[in-house]
Amino acid sequence: MRKERRSRRISRIGSYAISSSMSMRDHRQQPCITCTTFNILAPIYKRLNINNDQDQNSRESDYRAYWLEFWLGNEELVNMYEKRLGDAGYLNFKLARTNNRGDGLLIAVRKDYFRVINHRELLFNDCGDRVAQLLHVELAAPCSSPCRNNDTRQEILIVNTHLLFPHDSSLSLVRLNQVYKILQYVESYQKENKLSPTPIMLCGDWNGSKRGHVYKFLRSQGFVSSYDTAHQYTDADAHKWVSHLNHRGNICGVDFIWLLNPNRYRKLLKTSWGEAVFGMFKYLLRRASLTEEDAFVFLKADSDSDCITYSGFCEALQQLNLTGHCYGLSDEETKDLWVQADIDGNGVLDYKEFQQRIWNPTWSEQKDDEIQDDNLKGREEQTIGFSVENAVLFPPEVEKGMWPENYSLSDHARLTVVFSPITMPCSQLKAN
């Protein structure tokens, strides 16, 4: 109970806050790590209706008594909460967005339970002024394990972010690129520091549901939604829970704590990214009411042959607003997509390649399996991963797909996940 009260207190601060704590449930059991992600609507964005005043320009930031929450734009509150968190045994890492409006990110970790190895900041420098944090930590108290290697790694990479809100469909590509940059950065960090496969947790407000391109992209990389894992929900169960009431009055599930264990097969990152972009490509074609045959004709453009040329491919991307502007696909990214689609490398796409790579990609099947080769067991390097013990959203109504009328703390629900460290073989393998 004491641990739950602690998580509740910490998760009430921060424009977008993640807190992690670790405590023993029982001296005979493994320790558990508690991770909470919570997006509190920053005062500069929260509209007020004071004395029935319908002026939509009235914001919470205009009234000091209303914004007694963590807000990077106010030094007084930053100092107050840093002191209180510090007194409670937390190390704090904050990062403001690059628009200088005062909102941003906060990670708070219990220094009794984690040793911070490194902290990095990632600035996207795109139209959303979004940022991300990478925290490399080690469990301070080694968990017991049956493995023979006493040097078994007990490290975790934690990412905190808040993706751009998709105000229109053209921004979906920006959000996808933000996730791509995060995964590229994590991959580069692992190579730079010569890290063996390590558990990765991605936390925050992803501003997209389980039906979106970002969700499918992360799933193709082997990440699992911790909340869905705890409740044994599938990718099709998007309607069973929500975590956000957006400014349009829609409710949806956008807050996630993603987990990637070291024993998961992973596709090459560029392959997953190409698959995600082609998925977006197909979505836009279908939204234009194009059938498979019509889409192929559209891509062929004015080609005399029964094949898609590179120029026709580029023209189609521009017509679908995926290129031709500063936040669209770059020339290099467009060429990468073409190379992935051109299976035989002859410089054009025939109908079969169009089907296999764009319309009905055969490469989209994700391998969720853990390492199963009995010939490798006993000879693999052992590492620490995590099982999901429990996951809870607050207020409880959101777990039933409803938003409570009397909830005013934020326009987001709080998500808390309990992880248990387990020993597992680590996979160096990546699926093509």
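**View 1. Strands β7 and β8 pair in the parallel sense.** In this predicted model, β7 (residues 155-162) and β8 (residues 200-205) are joined over 6 bridges. Strands are DSSP runs of E with at least two residues, and helices are runs of H or I with at least four, both numbered from the N terminus. Two strands pair if DSSP finds at least two bridges between them. Val159 stands opposite Leu202 in β8. Strands of a sheet pair through backbone hydrogen bonds, either parallel or antiparallel.

**View 2. Six strands form an open sheet with mixed pairing.** The order is β5-β6-β7-β8-β12-β9. At the edges, β5 (114-123) and β9 (224-225) each pair on one side only.

**View 3. Helix α6 is mostly covered.** Of its 19 residues, 14 are buried, meaning under 20% relative accessible area (1.4 Å probe, protein chains only). Ser289, which follows α6, has a positive phi near 65 degrees.

Residues are numbered from 1 along each chain as its sequence is written. Local features need pLDDT of at least 70, side-chain atom pairs count only at pLDDT 80 or more, totals for chains, interfaces and linings use all residues, and side-chain values use heavy atoms, leaving out hydrogens and water.

Terms used: Buried means under 20% relative accessible area, exposed over 50%, partly exposed in between (1.4 Å probe, protein chains only).
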